[in-house]
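Please read them with the structure open.

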Amino acid sequence: MQRTIGLCLGGGGGKGSAHIGVLHELERVGIQPNMVAGTSIGAIIGAVVAAGYNATTIEQAFRSTPLRRILSLDPASWGLIGSEKLAGVLSELLGDQLIEDLPIPYAAVAVDLVTGHEIVLQRGSLVEAALASAAVPGVFPPRRIDRYILADGGIRNNLPIDITRQLGAERVIAVNLIGEFDQFEVSSAAQSSLFSWRRWVPLTQLALAERAIGIMVHQITLQRLRETPPDLLFSPDVNRMSMADLLHLDDGIQAGIACVADYYEELQQLALWQRGELA
């Protein structure tokens, strides 16, 4: 009987391209996750993994999705950016699959804005679950599922190792995108030309909000790691990438690949263990 390895993918917006690099390396050593849980961008990429796609296909999907295909105004003004275009892109890739019909168990973590409770989505529309988990307050509008008004799960559980274990994982590999904080700079839109998009997008406000959210998420994640540590933790060096940065895909992928480099022996041992060739 095959032993089970769970994959836990943390939130981090544009930093999430690092997940793809890690996935490439896991495939290279022969590790196939038996279940996956994720938050925010981790829930989106995790959904594609749970649907059976490999790292190359996921990378190609990211590369073939320009910003204009996912950015739109929110007609209800609940978010700076609407989520319907992103929903369309995910639907093209994932169709109308239900979580309970996936090849492997999957869970997306969101937060109910009414009660403040963490909500773990393990049934229903795969696309809706991923979108709810990634609904960053003030950026993407929340999603209504059943009686809940759901927003980004990073508010409560950005690296859901506990949920991955609850899915049945004997061993857990986790990828944390929110690391230590060092330098912090905010560029002024006033320095941009009159016709520059930088002048009309609230970059300063977004940078300040990202910084505050990042500090909060980092502290919560540290506490969660003390309570429920993974068997193997990868922390890609994406601290200098913005959560809103969707243009530097290669930087994120390379960071994901690089963070695995010192753990090949551990991964090979884990692959042997998964196949039952190692006690």
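Which residues are buried in helix 2?

1. Basis. This is a predicted model, in which local features need pLDDT of at least 70 and side-chain atom pairs count only at pLDDT 80 or more, while totals for chains, interfaces and linings use all residues. Residues are numbered from 1 along each chain as its sequence is written, and side-chain values use heavy atoms, with hydrogens and water left out.

2. Helix 2. The buried residues are Ile-41, Gly-42, Ala-43, Ile-44, Ile-45, Gly-46, Ala-47, Val-48, Val-49 and Ala-50. Buried means under 20% relative accessible area, exposed means over 50%, and partly exposed lies in between (1.4 Å probe, protein chains only). Because 10 of the 10 residues of helix 2 are buried, the rest of the structure largely encloses this helix. Helices (H or I, at least four residues) and strands (E, at least two) are DSSP runs, numbered from the N terminus. Just after helix 2, Gly-52 has a positive phi of about 105°.

3. Annotated site. UniProt, in an unreviewed entry, lists Ser-40 and Asp-152 under "active site". The two are spread over 113 residues of sequence, yet they cluster in space, with a largest C-alpha distance of 5.9 Å. UniProt positions are given in the numbering used here, feature names are shortened, and annotations may be inferred rather than shown by experiment.

4. Ser-40. This residue sits in the loop between strand 2 (35-39) and helix 2 (41-50). Ser-40 has a relative accessible area of 5%, so it is buried. Leaving aside neighbours within four places in sequence, Ser-40 contacts Gly-11, Ser-133, Ala-134, Val-136 and Asp-152. Contact here means heavy atoms within 4.5 Å.

5. Asp-152. This residue belongs to strand 6 (residues 148-152). Its relative accessibility is 7%, so Asp-152 counts as buried. Not counting residues up to four places away in sequence, Asp-152 touches Thr-39, Ser-40, Val-111, Ala-132, Ser-133, Ala-134, Ala-135, Val-136 and Pro-137. The side chains of Asp-152 and Ser-40 are joined by a polar contact of 2.7 Å. A polar contact is a pair of N or O atoms within 3.5 Å; within protein, one must be able to donate a hydrogen and the other to accept it, and residues adjacent in sequence count only if both atoms are side-chain atoms.

6. Strand pairing. Strand 7 (residues 171-175) is mostly covered, with four of its five residues buried. Strand 7 pairs in the parallel sense with strand 1 (residues 5-9) over five bridges, and in the parallel sense with strand 8 (residues 232-234) over three bridges. Two strands pair if DSSP finds at least two bridges between them. Ala-174 in strand 7 is the bridge partner of Cys-8, and Leu-233 in strand 8 is the bridge partner of Ala-174.

7. Cysteines. A search of the whole structure finds zero disulfides, a disulfide being a pair of cysteine sulfur atoms within 2.5 Å. Cys-8 is buried at 0% relative accessibility, and Cys-259 is buried with a relative accessible area of 14%.

8. The structure holds nine salt bridges, each a side-chain nitrogen of Lys or Arg within 4 Å of a carboxyl oxygen of Asp or Glu. One of them joins Asp-250 and Arg-63, with the closest N and O atoms 2.4 Å apart. Asp-250 lies in helix 9 (residues 249-260) and Arg-63 in helix 3 (residues 55-63), so this pair ties together parts that are 187 residues apart in sequence. Asp-250 is partly exposed at 44% relative accessibility, and Arg-63 is partly exposed at 44%. Glu-59, Arg-63 and Asp-250 are linked in a network of salt bridges.

9. Other salt bridges. Arg-123 and Glu-100 meet through their side chains at 3.5 Å, N to O. Arg-123 is in the loop between strand 4 (118-121) and helix 5 (126-133), and Glu-100 is in the loop between helix 4 (84-94) and strand 3 (106-112), 23 residues apart. Arg-123 is exposed, with a relative accessible area of 62%, whereas Glu-100 is partly exposed at 33%. Glu-277 forms a salt bridge with Arg-275, the closest N and O atoms being 3.2 Å apart. Glu-277 counts as exposed at 53% relative accessibility, and Arg-275 is partly exposed at 45%.
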